[in-house]
Structures are given as structure tokens and as C-alpha cells.
Amino acid sequence: MRVFVTGATGFIGSAVVRELLGAGHDVTGLARSDQAAAARTDGRAIEALAETLTQTGKPLVVASGTALLAPGRAATEKDTMPEDTPHPRVSEQVALRFAGRGVRVSAMRLPPSVHGQGDHGFVAALIGIARGKGLAAYVGDGSNRWAAVHRLDAARLFRLALESAPAGARLHAVGDEGVPFRDIAAVIGRHLNLPVTGISREEADAHFGGFALFAGMDVPASSAITQERFGWRPVQPGLIADLDQGHYFDEA
């Protein structure tokens, strides 16, 4: 299959490209700057791609997320994306409108942490904050949970979606359903030889800065339906095991 991948040089996109090439697909990639990734720009781009695929039956897989679906409980593939959140997932909302227009469109929902070698996302940011503050912290008792997936497991699911997901499918690329935030802080503290402690929500803004909202979110998610439906199983190390491999703590 000839496949066009946006964000092909990014952390997740580069893994998807390798997965597709390894399965024999012909891949063309597009690299985007961070500035070009604003939500409304994404929405227009997805709409343009989908319009060209209307009535062709060809696949279109768009990246979305699990974090905003059902805070406080494990989000499932049956949950629909709310439209009234502060950060709406425009990609999913726009793309799935074409499911009834002859496009085999599916939404790939990624958890807050997509981890692995070369990650510069949320976990890397937490490590940087801990280094700067001299403390690995969590909010309250740290029982709030983050779903997570290794990027290579996510890449494999992107391929499966491209090859077989029916129109309108929502897939959850989730390996760890919910890692307590205090466990993430604990492994960071252990590797950096820093104290680990809980802080109040009032203290979170000063400690985490713009990351405070994410540090306190309870956003577990399930991939049970995806695993049953597509035969996908996460086989790479989970988040804590990946952190314990040490590569996140190598300073350039």
C-alpha cells in the first residue's frame, strides 16, 4: 500500500514509518514544524485529505488522545470525544465525520505518555523539572494515574489500523492502563538521587509551572476493546520499566 505520513520525522511518526516500511508498505513522509501543528491548522489539513479520499474506500488514520475523554475513570473506545473541553481533539472530530462518506477513517487515541528512546515529551519534561527544582514531586497523594504506551507498540497499532480498521473505528494505543503519578516521581527521584514528596495543589503551579495541570490529572484508559478487536498486544517495556532502563536520565 502507498502511505502518506504527516509528522514522519517526529518521535512517534518516525517509529510508524519504520513499522510500515518493515511490513512492505511504500511510504512518503511529511515533516512539520511545531508551529505548524496548531489545532485549527490540523483540522483544515485533515479535512482536505479526507475530501480527496471521499468515496474511494481508502484508509485515513488520524492521531487523537485519551486524556480528555473521561477524567477519573478508565476511558474506553466507546467514549466519544467531548466538544466542550479546553483543548478539543479537532483531528478526531473532523476526521470521523467522513466515516459515512466512503473514507475508511479511524482515530488512533494515544495516552498522555508515549515513551521510549528519544522521548522529549511529558516524562522528559518531568525529569527536567525535578533536576531544576532538586525534588521529584507529585500532587497530593500522587494516586492520580496516567495511561502510557511504548512508541513501538503504538507504531504497530497504527499499521494495523491502516491495514484493517473499519470506517469510524476508535482505537486505544494503551499499554499501561494507569500508572500512579507517585510511582513516576519515585523512579525519577531514584535515578536522580533526589527526594520524592507530595506537594499541595496550591504549590503545584510554582513547582511544575505550565505543567501543573497535567501533573494532577487522573486519566487512565483501557485498550481492552482494541486488543480484542485487532489482536494487538503491547510487548515493549511499560513506562516504569522503560524509565528504569536509564536512557531518560542520560544528559547530552
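Predicted model: local features only at pLDDT ≥ 70, side-chain atom pairs only at ≥ 80, totals over all residues.
Local features need pLDDT of at least 70 and side-chain atom pairs count only at pLDDT 80 or more, while totals for chains, interfaces and linings use all residues. Residues are numbered from 1 along each chain as its sequence is written, and side-chain values use heavy atoms, leaving out hydrogens and water.

**Exercise 1.** Work out how helices α4 and α7 are arranged, and which residues join them.

*Solution.* Start with the elements: α4 covers residues 122–133 and α7 covers 201–208. Helices here are DSSP runs (H or I, at least four residues) and strands likewise (E, at least two), numbered from the N terminus. Next, take the axes, which are lines fitted to C-alpha atoms over the stretch in contact, with angles from 0 to 180 degrees between N-to-C directions. They come within 10 Å and cross at roughly 90°. The pair is therefore roughly perpendicular (65 to 115 degrees). Finally, L126, I129 and K133 of α4 meet A206, H207 and F208 of α7, where contact means heavy atoms within 4.5 Å.

**Exercise 2.** Describe the lining of the largest cavity.

*Solution.* A cavity is a set of points on a 1 Å grid over the protein atoms alone where a 1.4 Å probe fits but cannot get out; lining residues have an atom within 4 Å of a point. The largest cavity has a volume of about 50 Å³, a volume being the space filled by probe spheres set on the points, which are joined across faces, edges and corners. Its lining includes L126, I129, H207 and F208, residues that also belong to the α4–α7 contact. By element, α4, β6 (136–139), α6 (181–192) and α7 each supply at least two residues; the largest share, four residues, comes from α6.

**Exercise 3.** Is R159 buried or exposed, and what does it touch?

*Solution.* Locate R159 in helix α5 (residues 151–164). Its relative accessible area is 16%, so R159 is buried (under 20%, with exposed over 50% and partly exposed in between, using a 1.4 Å probe and protein chains only). Beyond neighbours within four places in sequence, R159 contacts E19, L20, A23 and H25.

Notes: Parallel < 35°, antiparallel > 145°, perpendicular 65-115°, else oblique. 1 Å grid on protein atoms, 1.4 Å probe; cavity = no way out; pocket = protein on both sides within 12 Å on 5 of 7 lines; lining within 4 Å.
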